[in-house]
Structure formats: C-alpha cells, structure tokens
Amino acid sequence: MRLPAVILAFTLLALSALSASAETFKTPQALVKALYAHDTAESAEDAPSPYSPFFSHGLNRLFQADREATPEGEVGAVDFDPVISGQDGEAKNVSLSPPIIMDDRAELEVSFRNGSEAVTLYYTLVREQGGWKVDDIANQEGEYPWSLRELLEQ
C-alpha cells in the first residue's frame with residue numbers, strides 16, 4: 001500500500017516542478033516580481049542556473065555552455081548572483097521602472113538595497129512562447145560594470 005502513495009508523491013512533485021519551469025509571465029513586471037520572490041534553494045541542481053525558469057532559451061544555453069566548459073570544482077564565468085549583483089545578501093525594497101516595450105523585447109530598471117548598498121540593474125527581456133523571459137541583466141554602475149551575456153560569451 002505504501003508504494004502507490006510514494007509514486008503519487010513523486011508524480012505530484014515532478015508536475016509541480018514542471019509547471020514552475022513552464023510558467024508564462026504575461027507582463028515584464030510579473031516576470032521580474034516572480035524572479036525576486038524565487039527561492040534559489042528550490043532550483044534543480046542540474047539546471048544551467050538557479051534562475052533558469054526565468055531566463056530566455058538563449059541565456060540558458062550560454063549558462064549551460066559555461067557549465068560544460070568549466071572544470072569540475074571550479075567556478076564558471078559568473079561567480080556571483082546576478083539578480084542581487086553580489087555574492088551575498090538579498091534584495092530589499094525592490095522597485096521597477098515602467099518597462100519600455102519594443103515588439104518582442106522590453107527593457108526596465110530594477111532598483112533595490114542589498115545591505116547598505118543601493119543597486120540598480122538593467123534588464124533586457126524577450127517574449128518567448130507567449131510570455132516574458134530575462135535575456136540579459138547588466139549593472140552599469142560602479143568600478144566593474146558588467147553584462148551577464150557578455151560575461152558568459154567571453
């Protein structure tokens with residue numbers, strides 16, 4: 001009798017993971033709000049990034065290529081959390097600018113506090129399969145400006 005319950009539990013777990021990764025975000029704001037509410041500890045270990053459900057196919061391909069090119073035990077091209085622009089902390093008081101939408105692309109700014117630091121990130125989004133996905137994140141401020149795509153393409 002226990003085996004059917006175990007099979008049912010695994011089936012429900014697999015379906016919930018599948019539906020989370022296939023979620024469609026109808027607006028850029030909905031995507032970014034869900035991204036900042038996401039618990040990376042719940043991400044699949046074999047995913048290209050802990051944020052894979054929110055990233056475009058192209059960005060996920062870059063993460064996967066980086067993962068495959070990185071020797072075991074070493075850190076890849078992105079050695080920080082791009083969503084908080086740092087290795088530690090969390091985004092507090094997140095605010096979004098109104099998106100600028102141009103056909104199937106959108107851009108918006110996300111501002112927040114990570115500890116005592118004020119951070120502004122610039123998001124480029126694309127519309128894929130009826131919903132919005134992150135195609136790039138950039139931090140243009142500070143001593144070391146970066147673009148996620150550029151880091152992964154190097």
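The following dialogue examines how terms are applied to this predicted model.

Student: What makes the 29 residues a nonpolar core?

Tutor: A nonpolar core joins buried residues such as Val, Leu, Ile, Phe and Tyr through side-chain atoms within 4.5 Å. The largest such set here has 29 residues, and Tyr-36, Phe-55, Tyr-123, Val-134, Ile-137 and Leu-148 touch the most other members. Two or more residues come from each of α2 (28-37), α3 (57-69), β3 (105-114), β4 (117-128), β5 (131-139) and α4 (148-153). In soluble globular proteins, nonpolar side chains tend to be buried together.

Student: How do you know that Phe-55 is in contact with residues beyond its neighbours in sequence?

Tutor: Contact requires heavy atoms within 4.5 Å. Leaving aside neighbours within four places, Phe-55 meets that criterion with Ser-49, Asn-60, Phe-63, Lys-133, Val-134, Ile-137 and Leu-148. Therefore these residues count as contacts of Phe-55.

Student: Why are residues counted as lining the largest pocket?

Tutor: A lining residue has an atom within 4 Å of a pocket point, so the 19 residues listed for the largest pocket count as its lining. Pro-48, Phe-63, Asp-66, Gly-76 and Val-78 lie nearest its centre. The lining has nine nonpolar, five polar and five charged residues, and the space in this pocket is about 460 Å³.

Note on methods: Residues are numbered from 1 along each chain as its sequence is written. This is a predicted model: local features need pLDDT of at least 70, side-chain atom pairs count only at pLDDT 80 or more; totals for chains, interfaces and linings use all residues. Side-chain values use heavy atoms; hydrogens and water are left out. Buried means under 20% relative accessible area, exposed over 50%, partly exposed in between (1.4 Å probe, protein chains only). Helices (H or I, at least four residues) and strands (E, at least two) are DSSP runs, numbered from the N terminus. On a 1 Å grid over the protein atoms alone, a cavity is a set of points where a 1.4 Å probe fits but cannot get out, and a pocket is an open set with protein on both sides within 12 Å along at least five of seven lines; lining residues have an atom within 4 Å of a point. Grid points are joined across faces, edges and corners, and a volume is the space filled by probe spheres set on the points. Ala, Val, Leu, Ile, Met, Phe, Trp, Tyr, Cys and Pro count as nonpolar, Asp, Glu, Lys and Arg as charged, and the others, Gly among them, as polar.
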